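Before reading this report, take a moment to look over the sequence and the structure together.

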Amino acid sequence: MSSILKINFRKRKRRLSVLGLTLDGSRLNGVVLRRVNGSLQMQQNCSITLTLNPLTAAPELVGREIRNQLDSAGVRERQCVFGVPQKWILTTHTELPPLPAGDAANLLQMEAERGFSTDVTSLRLGNSRCALAGDKKYVLFAGISSMHVTALERVLVAAKLKPVSFALGLAALQPPAAENSNGALALAIGESTVSLQITCGGGIAALRALEGAIENPSGQPVLQPNLVARETRITLGQLPVELRDQVKRIRIFGPRAIAQQIADEMELRFEPAGLHVELVANYKPDEFSAQLPLDAPVSEAFSLAARLLMEQPPAFDFLPPKPTLIEQFAAKYTSGRLRTVGAIAAGIMVLVGALFFIQQIQLWRLRSQWTAMSAKVGQLQTVQDQIRQYRPWFDDSFRDLAILRQLTLAFPEDGIVTAKTISIQNDDTVTCSGNAHDNAALLATLAKLRAADGVSDLKVDLIHGKSPMQFTFDFQYGNGGANEN
């Protein structure tokens, strides 16, 4: 069993609802599905006719037209899986011998460059592998123009939609991994084309869009069954015999009336060769490993949405990968001066982070130490509170002695100014009376006292007599020099 390369199917958080969209000519078909407890519920089903071409018209205008139509249909879902038209797909093929993975990737890259007529760097590429004898693989390359993908993505963003996958609708109707897909040729009838897909050997062996298979000369679709049968025979003939012999069934998807015309032609042409033809009108009960609504339409849009919700990866996903913030940062600073600046900035960030980490370690250590001693600290705090509560009532700052010291320092040592009485009231108001030999000595004493630390608001209350002269003054004492000796 071969494996299928998925371009951009990242593992994401499981989605609960999604909008499936397919573009078929000018018609945009949509189905909104919701996953509830292992079952799928259809919320809306709509079909929109576009007047603008998404590839050539301004993305803003096309997006606005789509948004207006979806709003009219009551569609509010933003996440969507989009089925790109099969006629946009370019294909080529090659055979892959048994090789190590690295060598196989290099060989496939060279074969893709040789097989496509356009530059492969301008394509979004994927491949599907079908098993051949001798461990060889038949590899089908499928590519879509990157310009088409970019234009489509801009249109959907302008329509306020968030694309999560660009896949093939027919590959969702007939997935190569399904058991009933081995040896199946699927035909899907569109507005003007019939899409063809062959699955065998565990992969997709052929993809084609049969242009001109449906004509609309008078507004009514007219099928060209001979063209469909002829192109189907040509496609089968291009496969290796080993794969062609595996194809045993032709499955037809589409409107009943037109599908029956193709079925009749196919039965006439291919049943004699052993190919069974069947019209697919309903999904199998276990089609998506979930319970389906009774009115589930067999459509590409429904299948795309259902397989995405049930986490069944598409065979091809052409949506460009979205780089993460780290990848964007790396891409921005990968060359020249910007790389140097980025490296310096990264180094600074690492250094700052290391400093914060060291600080955090210190905080953890201090918290651990505090946790160990907090109980003892609490006990000591309780004892200290009790000591404060029951300590002596008197003041231990020796305030009166500090006041007497300032007075002693202010009075002269020769005794020409002497104090007779000193009164201290309310611990801060000081009244002093005494004798002085002359006025000059008294003024010098008062000046010295005014400049003393803690003395303020000094006032002379009484001076009388001459020699000796009596005086009385008072002042306020603050907190300077409380415990000095």
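Helices and strands are here DSSP runs, a helix having at least four residues and a strand at least two, and they are numbered from the N terminus.

Is alanine 290 buried or exposed? Because buried means under 20% relative accessible area, alanine 290, at 6%, counts as buried. Leaving aside residues up to four places away in sequence, alanine 290 touches Gly38, Ser39, Leu40, Pro285 and Met310. By contrast, tyrosine 477, which is 187 residues from alanine 290 in sequence, lies 94 Å from it in space, C-alpha to C-alpha.

Glutamate 287 also has its place in the loop between β15 and α8, and with a relative accessibility of 16% it too counts as buried. Its side chain is joined to that of arginine 307 by a polar contact of 3.1 Å. When residues up to four places away in sequence are not counted, glutamate 287 touches Leu173 and Arg307.

## Aromatic pairs

How many aromatic pairs does the count come to? The count comes to seven aromatic pairs. In one of them, the ring centres of phenylalanine 288 and phenylalanine 302 are 6.1 Å apart and the planes stand at 55°, so this pair is tilted. The pair links distant parts of the chain, since phenylalanine 288 belongs to the loop between β15 (276–279) and α8 (300–309), whereas phenylalanine 302 belongs to helix α8, 14 residues apart. Phenylalanine 288 is buried, with a relative accessible area of 0%, and phenylalanine 302, at 0% relative accessibility, counts as buried as well. Together with Tyr283, these residues, Phe288 and Phe302, form one aromatic cluster.

Phenylalanine 316 and phenylalanine 318 form an aromatic pair that is stacked, with 6.0 Å from centre to centre and 5° between the planes. Phenylalanine 316 counts as buried at 1% relative accessibility, and phenylalanine 318 counts as buried at 0%.

| Helix | Residues | Number of residues | First to last C-alpha | Expected span |
|---|---|---|---|---|
| α3 | 146–158 | 13 residues | 18 Å | 18 Å |
| α5 | 225–237 | 13 residues | 18 Å | 18 Å |

In helix α3, the buried residues are Val149, Ala151, Leu152, Glu153, Val155 and Leu156. These buried residues pack against several elements, among them β1 (17–24), α1 (59–72) and β4 (79–84). At the start of α3, a side-chain oxygen of serine 145 reaches to within 3.2 Å of the backbone nitrogen of methionine 147, and just after α3, lysine 160 takes a positive phi of about 60°.

Helix α5 has Leu227, Val228, Ala229, Glu231, Thr232, Thr235 and Leu236 as buried residues. The partners against which the buried residues of α5 pack include β10 (193–200), β11 (203–211) and α7 (256–270).

## The hairpin of β10 and β11

Strands β10 and β11 run antiparallel and are joined by eight bridges. Cysteine 200 stands opposite glycine 203 in β11. The hairpin has two residues between its strands, and glycine 201 takes a positive phi near 65° there.

## Confidence in the model

The mean pLDDT of the chain is 88, and 91% of its residues reach 70 or more. Where in the chain is confidence lowest, and where is it highest? Confidence is lowest in helix α9 (residues 325–332), at a mean of 62, and highest in β4, at 96. Over residues 1–11 the pLDDT is below 50, although this stretch has 37 contacts in the model beyond near neighbours in sequence. Residues 480–485 likewise stay under 50 in pLDDT, and for them the model has twelve contacts beyond four places in sequence. Where pLDDT is low, the predicted coordinates should not be read in detail.

Key. Residues numbered from 1 in each chain as written. Predicted model: local features only at pLDDT ≥ 70, side-chain atom pairs only at ≥ 80, totals over all residues. Heavy atoms only, no water. Phe/Tyr/Trp six-rings, centres within 6.5 Å; stacked < 30°, edge-to-face > 60°. Buried < 20%, exposed > 50% of the residue type's maximum accessible area, 1.4 Å probe, protein only. Expected span 1.5 Å × (residues − 1). Contact = heavy atoms within 4.5 Å. Polar contact = N/O pair within 3.5 Å; in protein donor to acceptor, adjacent residues only side chain to side chain. Pairing = 2+ DSSP bridges. pLDDT = per-residue confidence, 0-100.
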